[in-house]
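Subject: A structure for you to look at

Hi there,

Here is the structure I promised to pass on. Please open it beside this message and read along.

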Amino acid sequence: MQGQQRTGLHKPETAAEALAALSDLGGGGAVMAGATWIMRAPFRQEPMKPAYVSLAQIPELHRIEVTQAHVRIGSAVTHARLVRELQAIPELGGLVSAAGDSANPAVRQAATVGGNLCTADFAAADLVPALLCLDAEVEILTTEGRQLLSLDAFLALREMLERAYLLVSVLVPRRPLASAHARLPLRKAGDYPVAIVSVAVESRPDGHMRGAAIAVGSVDAVARRWRGLERAVAGLPLDASRIHQLALDLADEFVGRDGPEVPGWYRVKVLPTLVRRAFATLQQH
């Protein structure tokens with residue numbers, strides 16, 4: 001793409017064309033999907049890029065594929081579409097709640113899966129913990145080709161990846177799970193939650209938990225699994241009150257990030273309550 005225009009909006013029609021445009025633009029360009037983060041750049045006192053590469057005309061990135069083995073979600077799929085098209089899949093209840101409760105209706109019509117996962121400075125992304133506890137993988141396209149990474153690995157590497165990469169899709173394996181999502185918003189924080197807890201549980205025939213995946217968002221700079229609490233609840237009955245007490249005992253595994261809306265200690269303080277709320281949702285179903 002030598003000689004490509006270095007300002008304005010570029011509209012490729014394939015993922016390969018989008019990657020080529022990003023490679024050619026270098027630091028002067030960026031991906032534009034829903035643009036909900038980009039449009040807030042002036043409020044964060046960040047400069048806009050001279051050029052953007054739109055994903056609007058790339059069909060592959062807008063697809064949702066559901067099979068017996070997995071659910072594949074294109075990176076340009078919006079939160080609103082996730083709610084409409086995945087709400088009938090029982091094990092994805094937490095992901096659907098995360099998409100349906102995030103931000104506000106106008107933002108949900110525009111904000112995309114890829115934007116949620118790729119924006120390293122956005123610690124309060126609802127979809128990230130919901131996908132973490134579902135053991136999701138991401139497919140990325142770089143100049144070396146396509147590769148599949150665990151979401152955990154992608155979150156750790158995304159700021160070190162070459163500038164020209166494209167998140168193509170998210171792959172969620174289908175398993176006999178029940179999942180839920182809980183968040184605590186504050187009015188003065190706008191659309192962003194102070195803390196997020198997502199859980200996914202596989203139950204045994206006796207009603208005890210074979211295993212539980214618990215992910216926390218907005219508390220640290222990067223969402224992560226709460227491994228200590230996962231180990232503590234494995235094999236226990238699905239009892240929200242008992243799990244709440246364990247969460248109180250183990251909350252010191254987090255420090256919490258300070259922000260303009262609340263201090264870090266407050267994010268940690270509310271975590272056990274959100275854990276109880278998420279597991280209580282599972283008890284009701």
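This is a predicted model: local features need pLDDT of at least 70, side-chain atom pairs count only at pLDDT 80 or more; totals for chains, interfaces and linings use all residues.

Residues are numbered from 1 along each chain as its sequence is written, and side-chain values use heavy atoms, leaving out hydrogens and water.

**Helices α2 and α3**

Two packed helices are described by the angle between their axes and the distance between the axes. Helix α2 (residues 79–86) packs with helix α3 (residues 93–101) at about 140°, their axes 8 Å apart. Helices here are DSSP runs (H or I, at least four residues), numbered from the N terminus; axes are lines fitted to C-alpha atoms over the stretch in contact, with angles from 0 to 180 degrees between N-to-C directions. The angle makes α2 oblique to α3 (under 35 degrees is roughly parallel, over 145 roughly antiparallel, 65 to 115 roughly perpendicular and the rest oblique). In contact (heavy atoms within 4.5 Å), His79, Leu82, Val83 and Leu86 of α2 meet Leu95, Val96, Ala99 and Gly100 of α3.

**Helices α9 and α10**

Helix α9 (residues 240–250) and helix α10 (residues 264–283) cross at roughly 155°, with axes coming within 8 Å. That makes α9 roughly antiparallel to α10. The α9 residues in the contact include Ile243 and Leu248, and those of α10 include Val275 and Phe279.

**The cavity**

How many cavities of 30 Å³ or more does a search of the whole structure find? The search finds one. A cavity is a set of points on a 1 Å grid over the protein atoms alone where a 1.4 Å probe fits but cannot get out. The largest cavity holds about 50 Å³ of space, a volume being the space filled by probe spheres set on the points.

Happy exploring!

Methods. Helices (H or I, at least four residues) and strands (E, at least two) are DSSP runs, numbered from the N terminus. On a 1 Å grid over the protein atoms alone, a cavity is a set of points where a 1.4 Å probe fits but cannot get out, and a pocket is an open set with protein on both sides within 12 Å along at least five of seven lines; lining residues have an atom within 4 Å of a point.
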